[in-house]
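Please work through the exercises below with the sequence and the model side by side. Try each task on your own before you read its solution.

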Amino acid sequence: MSVNLKRLSHRIFIYVIVCSLAIIAIDSLSNSLIHRIPTTPLPLFPFLTIILMIFHITIACFMSMKYWCDKNRLYLMPIACAFASSALLMLGTLSSYPGWLLCNSAYIVKQNDALIFYSFRNILMVLLFITAIILYHFRHKIKQATSVHMLVLTSCFLFSAAILSLSWLHSSNSLLLSIDLIDDITSTFTPLWRDWIGWPLFSAWVLTLILLVTLTRLRNIFWYSGAFFCAAYMFTINVLLTATDNYYIIAWNQARLFETLSTLFMLFVLLSDVFILYRESNNKYIDSYQNSIRDPLTRLYNRSHFYDTLNGLLPQTSAKQPLSVIVSDLDHFKRINDNYG
């Protein structure tokens, strides 16, 4: 038990150091880029949203393909569903900026809708991330029954559909359940966002991070990237919560740029995970192939290797390029085998 705790402490230490350095670097870069733009044009936020949406779609496809290749990784599907649904919610965010493609500054941005879609996106991702963490923890107890997979996939789909529907109903697209999180004219946050949504969302990501570290024990680079993702969203929400009303637009753009850069960082980490898995698979294939063409005791090439080599050389053989084969035999070799094995 003490050895496991020591290993976990070591992994947490590495995570804290790497995560802190990454967040500081990304925050410095995003802060520098935002303040280099004097007027902070309105198209910046929708443009970053489109890039972020592409990243989320890429990660969702990546998770789905990994699950398709290995059905033992059922925990990947809630994460894939989270990123895919997040991309759909970003479409709602883009609809909050009418006419942004024309760079028209005469219209009023639906900041309240953007914040509603952002809030529901965080709720969606927190709950699906927690689901994935729990599935990973109990992965050995979950049998490969089709009914279990269908139950998890159906539940994730229905939950995502419900969140998408609720976000639409709470926005200005429907007067049925519309709520006010920010004033579109004055850019002033309402107490509903600061006290009842913002800080609970921050706490939810903290809980997700604790569960992730506790249940997964950061066993591989995949869960390191997941823990960094939680920390990045905690930082993003904190940027919005601590922003003053006068600097809301700058804080919103900075938070979105930070979220985009951190997701890109996570994408690079996932790609490195693919490279590591490919290298391990390639090494196993090489070892397996060598074991199939070599004698296990002497490590000399066996009969199968020579047949394959001969078949490969015969098509190239001609009068100008002859092929020679030398065959040797040891007399009374059976006595050696009987005596020495």
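Predicted model: local features only at pLDDT ≥ 70, side-chain atom pairs only at ≥ 80, totals over all residues.

Residues are numbered from 1 along each chain as its sequence is written, and side-chain values use heavy atoms, with hydrogens and water left out.

**Exercise 1.** Find where asparagine 122 lies, decide whether asparagine 122 is buried or exposed, and list what asparagine 122 touches.

*Solution.* Begin with the helices, which, like strands, are DSSP runs numbered from the N terminus (H or I, at least four residues, for helices; E, at least two, for strands). Asparagine 122 belongs to helix α4, which covers residues 111–137. Next, take the accessibility terms: buried means under 20% relative accessible area, exposed over 50%, and partly exposed in between, with a 1.4 Å probe and protein chains only. Asparagine 122 has a relative accessible area of 0% and is therefore buried. Finally, look for contacts, meaning heavy atoms within 4.5 Å. When residues up to four places away in sequence are not counted, asparagine 122 touches Leu201, Trp205, Tyr233 and Ile237.

**Exercise 2.** Arginine 217 and leucine 218 each have a positive phi without being glycine; state the angles and compare the accessibility classes of the two residues.

*Solution.* For arginine 217, phi is about 55°, and for leucine 218 it is near 50°. Arginine 217 sits in the loop between α6 (191–216) and α7 (221–241), and leucine 218 is likewise found in the loop between α6 and α7. Arginine 217 counts as partly exposed because its relative accessibility is 27%, whereas leucine 218, with a relative accessible area of 1%, is buried.

**Exercise 3.** Describe how the rings of tyrosine 118 and tryptophan 252 are arranged, and say which helices they link.

*Solution.* Rings of Phe, Tyr and Trp (its six-membered ring) pair if their centres lie within 6.5 Å, and the planes are called stacked under 30 degrees, edge-to-face over 60 and tilted for the rest. The structure holds 19 such aromatic pairs. In one of them, the ring centres of tyrosine 118 and tryptophan 252 are 5.3 Å apart and the planes meet at 75°, so the pair is edge-to-face. Tyrosine 118 is in helix α4 and tryptophan 252 in helix α8 (residues 248–293), so that the pair links distant parts of the chain, 134 residues apart. Both of these residues, tyrosine 118 and tryptophan 252, are buried.

As a further step, consider what lies over the ring of tryptophan 252: arginine 256 is placed over its face, 5.8 Å from the ring centre. A charge sits over a ring if NZ of Lys or CZ of Arg is within 6 Å of the ring centre and within 35 degrees of the ring normal.

**Exercise 4.** Which residues form salt bridges with glutamate 259, and what network results?

*Solution.* Side chains of opposite charge can pair when their charged atoms come close. Here a salt bridge is a side-chain nitrogen of Lys or Arg within 4 Å of a carboxyl oxygen of Asp or Glu, and a search of the whole structure finds four of them. One partner of glutamate 259 is arginine 121, with the closest N and O atoms 2.9 Å apart. Because glutamate 259 lies in helix α8 and arginine 121 in helix α4, this pair ties together parts that are 138 residues apart in sequence. Another partner is arginine 256, whose closest N and O atoms with glutamate 259 are 3.2 Å apart. Glutamate 259 and arginine 256 both lie in helix α8, three residues apart, which is about one turn of the helix. Both glutamate 259 and arginine 256 are buried. Through shared partners, the salt bridges join Arg121, Arg256 and Glu259 into one network.

**Exercise 5.** Classify lysine 141 by accessibility, and say how far its C-alpha atom is from that of cysteine 69.

*Solution.* Lysine 141 is in the loop between α4 and α5 (146–170). Its relative accessibility is 65%, so lysine 141 counts as exposed. The C-alpha atoms of lysine 141 and cysteine 69 are separated by 20 Å, and the two residues are 72 residues apart along the chain.
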